[in-house]
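Work through the exercises below with the sequence and the model open. Each task is followed by a solution in steps.

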Amino acid sequence: MPILEPNTLDFISHSEAQTRRLGARLAAYLNPGDVLALVGDLGSGKTRWIQGVCAGLGVTDPVVSPTFTLVNEYRGLYPVYHIDLYRLADAAETITFGLEDYLYGSGITMIEWADRAKNLLPSEHLTVELYHLEETKRRVVLRPHSQRFLALLEAFKQATFAQQR
Ligand SMILES: Nc1ncnc2c1ncn2[C@@H]1O[C@H](COP(=O)(O)OP(=O)(O)O)[C@@H](O)[C@H]1O
Ligand SMILES: [Mg+2]
């Protein structure tokens, strides 16, 4: 049962599969240009969430965290940019690799460790926070930044959780 606090969606995922499934469902609400900011410790499920969104967007390439580069590009319904700032040395590096070109491009951009580039995020984005609770349990908090994401979250909440009320 999610906590139906206004303006956020706060729920527990009980398995990796559930995290992926919720990501995949969210994908149906996304438009080109949207930015998802993922925040959470190592192993909290950021990549699993992104794999779900990618599946929902019809990406068939393997979705893994970029290791030697800061960004992976996939082809789905739209271009998808998967960015991981874990290895980011400093803020200057985000400018060097052109983070802003992705953020203001026509693809869907998902950023792991987005808190490392907080000041560079567009004012319009959706934050996905993941917290490790138990071995297979994660708390997921979706926070909209902008009217559009607020409306999107309401629609997602109704469609995904309404039957549980
Ligand atoms: N409910 C859950 N949601 C997501 N991942 C989970 C869950 N339960 C267990 N896991 C495990 O936690 C790990 C999450 O890894 P990953 O998505 O790569 O994390 P991150 O990208 O945040 O470092 C995986 O090994 C996955 O199997
Ligand atoms: Mg990861």
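**Exercise 1. Helices against the sheet**

Task: Find which strands helix α5 lies across, and at what angle helix α5 runs to β7. Then do the strands for α2, with its angle to β5.

Solution. The model is a predicted one.
Step 1: Take helix α5, residues 147–161. Helix α5 lies across β1, β6 and β7, and runs at about 140 degrees to β7.
Step 2: Turn to α2. This helix lies across β2, β3, β4 (79–84), β5 and β6. Relative to β5, α2 runs at about 165 degrees.

**Exercise 2. Order of the strands**

Task: Give the order of the strands in the open sheet of seven strands, and name the edge strands.

Solution. 
Step 1: The order is β1-β7-β6-β2-β5-β4-β3, and the pairing is mixed.
Step 2: The edge strands, each pairing on one side only, are β1 (9–13) and β3 (71–75).
Step 3: With direction ignored, neighbouring strands of this sheet are turned against each other by 20 degrees on average.

**Exercise 3. Partners of β2**

Task: State how many bridges join β2 to strand β5 and how many join β2 to strand β6. Then locate the residues opposite A37 in β5 and in β6.

Solution. 
Step 1: Strand β5 (residues 108–112) is joined to β2 by four bridges, and the two run parallel.
Step 2: Strand β6 (residues 125–134) is also parallel to β2, joined by four bridges.
Step 3: A37 stands opposite I111 in β5 and opposite T127 in β6.
Step 4: For L38, the bridge partner in β5 is E112.

**Exercise 4. The shell around ligand 1**

Task: Describe the residues that surround ligand 1 by number, element and class.

Solution. 
Step 1: Ligand 1 is surrounded by 17 residues, and the closest are T19, G45, K46, T47 and R48.
Step 2: The elements giving two or more residues to this shell are α1 (16–27), α2 (46–56) and β7 (137–145).
Step 3: By class, the shell has 10 polar, six charged and one nonpolar residue.

Terms used
Residues numbered from 1 in each chain as written. Chains lettered and ligands numbered in written order. Predicted model: local features only at pLDDT ≥ 70, side-chain atom pairs only at ≥ 80, totals over all residues. Near = placed C-beta within 6 Å. Nonpolar A, V, L, I, M, F, W, Y, C, P; charged D, E, K, R; others polar. Pairing = 2+ DSSP bridges. Axes fitted to C-alpha atoms, helices over the stretch in contact; angles between N-to-C directions. Contact = placed C-beta atoms within 7 Å.
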